[in-house]
Amino acid sequence: MNSKQASAVQAAEIVREYGPFPDVDAVHGVTWDGKRIWAASGAGLVAIDPGSGAPAKVLPCPCDAGTAFDGTYLYQIAERRIDKIDPASGAVLASIPAPGNGSDSGMTWAEGSLWVGQYRDRKIHRIDPQTGAILRTIESNRFVTGVTWVDGQLWHGTWEGDDSSIRRIDPDNGAMLQELHMPTGTGVSGLESDGADLFYCGGGSTGKVRAVRRPK
């Protein structure tokens, strides 16, 4: 690591922890709908009030990886498919194939597309939300556990062993531009920006969601 890369690495500032929650054994994906945090718990999507930290709603559905919100609908990875879900009723409105065919991880919505991470393949795919067709692929040099766009910046979570971080990468070549290093043993299993100064991070088997400050 050269001096420029070293200066781009800093400790993540965790400002709040949410959970663990009843009947939630792990958090596999996270998104933000402008009012509530949504956490994918395996057997259901849990809506969390960011003020009180209490669960406000649960939608029973399979959800073993990333979650996204397009401004109206939720999208949820369920093994080899991505379900489009009505957040009011929990009804599945449509499904498309997941690009990683079961090896998918994080997911976010940006620029009219879904962006889906592939964990061990170290890739992020931009896909058509109607068909699932892959429109573009970005390579990373680390495992990808969560994905988010904010202010034109692409960030992804990574988690290998006890080492985990939130990384900003160049969307053209995948080069690491900035890294927020999480405390040892604190994993990132899902990632979403609130569109302002926070990231929400899934905490894996702890069943927690952590709010991390986004540096300006």
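A salt bridge here is a side-chain nitrogen of Lys or Arg within 4 Å of a carboxyl oxygen of Asp or Glu. By that rule, Asp151 pairs with Arg214, their closest N and O atoms being 2.9 Å apart. The two residues belong to distant parts of the chain, with Asp151 in the loop between β15 and β16 and Arg214 in the segment after β21 (209-213), 63 residues apart. (Strands are DSSP runs of E, at least two residues long, numbered from the N terminus.) The model is predicted, so to speak of local features pLDDT of at least 70 is needed, side-chain atom pairs count only at pLDDT 80 or more, and totals for chains, interfaces and linings use all residues. Residues are numbered from 1 along each chain as its sequence is written, and side-chain values use heavy atoms, with hydrogens and water left out.

Asp151 is exposed, at 62% relative accessible area, whereas Arg214 is buried, at 5%; buried means under 20%, exposed over 50%, and partly exposed in between, with a 1.4 Å probe and protein chains only.

In the whole structure, the search finds 13 salt bridges. Arg142 and Glu160 make one of them, with the closest N and O atoms 3.1 Å apart. This pair, too, links distant parts of the chain: Arg142 lies in the loop between β14 (134-139) and β15, Glu160 in strand β16, 18 residues apart. Arg142 is buried at 17% relative accessible area, and Glu160 is partly exposed at 26%. Through shared partners, salt bridges join Arg142, Glu160, Asp163, Arg167 and Glu179 into one network. Elsewhere, the side chains of Asp33 and Arg36 meet in a salt bridge of 3.5 Å, N to O, and Arg36 is partly exposed, with 25% relative accessible area.

Strands β15 and β16 also turn up in an open sheet of five strands, which runs in the order β1-β18-β17-β16-β15 with mixed pairing. For strands to pair, DSSP must find at least two bridges between them. At the edges stand β1 (9-11) and β15 (146-150), each with a single partner strand, so one side of each is left without a neighbour in the sheet. From one strand to the next the twist averages 20°, with axes taken as lines fitted to C-alpha atoms and angles running from 0 to 180 degrees between N-to-C directions. Within the sheet, β16 (residues 153-160) and β17 (residues 163-169) pair in the antiparallel sense over seven bridges, and Leu154 has Ile169 of β17 as its bridge partner.

Strand β8 (residues 74-78) is mostly covered, with five of its five residues buried. Leu74, Gln76 and Ala78 point one way, Tyr75 and Ile77 the other. On the β7 side (residues 67-69), the antiparallel pairing with β8 takes three bridges, and Phe69 stands opposite Leu74. The hairpin of β7 and β8 has four residues between the strands, and Gly71 takes a positive phi near 105° there. With β9 (residues 81-85), β8 pairs in the antiparallel sense over five bridges, and Leu74 has Ile85 as its bridge partner in β9. In this second hairpin, with two residues between the strands, Glu79 has a positive phi near 55°.

The largest nonpolar core has 14 residues, of which Tyr18, Val27, Ile37, Ile48, Tyr200 and Val209 touch the most other members; a nonpolar core is a set of buried Ala, Val, Leu, Ile, Met, Phe, Trp, Tyr and Cys residues joined through side-chain atoms within 4.5 Å. Two or more residues each come from β3 (29-32), β4 (37-40), β5 (42-48), β20 (198-202) and β21. Beyond its neighbours within four places in sequence, Tyr200 is in contact (heavy atoms within 4.5 Å) with residues including Tyr18, Trp32, Ile37, Pro50 and Val209. Tyr18, Trp32 and Tyr200 also form one aromatic cluster, where rings of Phe, Tyr and Trp (its six-membered ring) pair if their centres lie within 6.5 Å.

Gly19 and Pro20 are joined by a cis peptide bond, omega being about 5°, and Pro20 lies in the loop between β2 (14-18) and β3. Glu111, in the loop between β11 (104-110) and β12 (113-118), has a positive phi of about 55° although it is not a glycine.

Note on methods:
Rings of Phe, Tyr and Trp (its six-membered ring) pair if their centres lie within 6.5 Å; planes under 30 degrees apart count as stacked, over 60 as edge-to-face and the rest as tilted.
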